[in-house]
Amino acid sequence: GRDVLSQLIFGARTSMIIAGTSVAAAMVVGAVFGMLAGYFGKFTGSVIGSVFDVMLAFPQLVLALTIVTFLGASESTRVRAIILALAIVATPVLGRITRASALSWSNREFVTASKALGARNLRIMAREVFPNVLPALSSIAFLAVAVVIVAEGGLSILGLGVPSNQVSWGQVLATGGGDLTNLSNMVYSASAVILLTVMALNLLGDAIRQPVLAGAVAHE
């Protein structure tokens with residue numbers, strides 16, 4: 001008997017908070033370790049890159065499902081467990097993008113000049129390398145938000161979504177999926193909102209990435 005439009009409006013807040021918070025945390029962790037791996041290379045880069053590869057070897061939804069199962073047993077901790085699980089899932093993707101971009105920029109002439117002038121590694125990474133890595137990282141982050149929104153919907157369908165006293169797009173989708181014959185409008189509405197949001201985030205990520213690619217080509 002609840003209004004579907006109201007659930008989608010209030011669910012947008014929950015879904016975007018979960019997706020935004022988890023991707024922001026993944027950006028911080030992925031950027032730190034990706035910068036270290038890309039800047040120092042060799043042994044450090046190999047170790048961190050191997051950790052990212054191992055994390056990516058696990059199916060993302062299965063990994064998130066496992067983490068939420070262990071950490072989100074009670075409804076009071078469910079949202080925190082979902083955010084942590086999705087942040088862990090998104091970290092290796094953002095970390096690998098940061099590593100590849102940092103590896104490229106760390107070999108440029110201005111970085112070599114900074115080293116020759118005696119600048120410390122931390123200053124070079126913060127002042128010279130990271131500002132050039134950030135646009136590429138930001139463009140992938142928007143794509144990661146889209147992926148996390150879909151993943152949250154998958155967790156809700158599997159019964160490990162947000163608590164019953166909250167509402168998200170995934171929860172609306174799961175509720176309608178439980179009785180598709182009578183509640184198909186909930187499934188179609190939630191699916192349409194998720195589809196449009198994912199498309200918008202992908203287009204936004206592409207719009208940010210195009211100037212980055214053009215600048216890299218021009219620099220070469």
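## Basis and overall build

In this predicted model, local features need pLDDT of at least 70 and side-chain atom pairs count only at pLDDT 80 or more, while totals for chains, interfaces and linings use all residues. Residues are numbered from 1 along each chain as its sequence is written, and side-chain values use heavy atoms, with hydrogens and water left out.

The protein chain has 8 helices and 0 strands, where helices (H or I, at least four residues) and strands (E, at least two) are DSSP runs numbered from the N terminus. Its C-alpha atoms fill a box of roughly 70 × 35 × 25 Å, taken along the principal axes.

## Helix H1

Helix H1, residues 4-40, has 37 residues and reaches 52 Å from its first C-alpha to its last, close to the 54 Å expected at 1.5 Å a residue (1.5 Å times one less than the number of residues). At Gly 11, H1 bends by about 30°, the angle between axes fitted to the seven residues ending there and the seven starting there. After H1 comes Gly 41, whose phi is positive, near 60°.

## Helices H5 and H6

Helix H5 (residues 109-116) and helix H6 (residues 121-157) pack at an angle of about 180°, with their axes 11 Å apart; axes are lines fitted to C-alpha atoms over the stretch in contact, and angles run from 0 to 180 degrees between N-to-C directions. That makes H5 roughly antiparallel to H6 (angles over 145 degrees).

Phe 110, Val 111, Ser 114 and Lys 115 in H5 meet Ile 124, Glu 128, Val 129 and Asn 132 in H6, with contact meaning heavy atoms within 4.5 Å.

Methods: Parallel < 35°, antiparallel > 145°, perpendicular 65-115°, else oblique.
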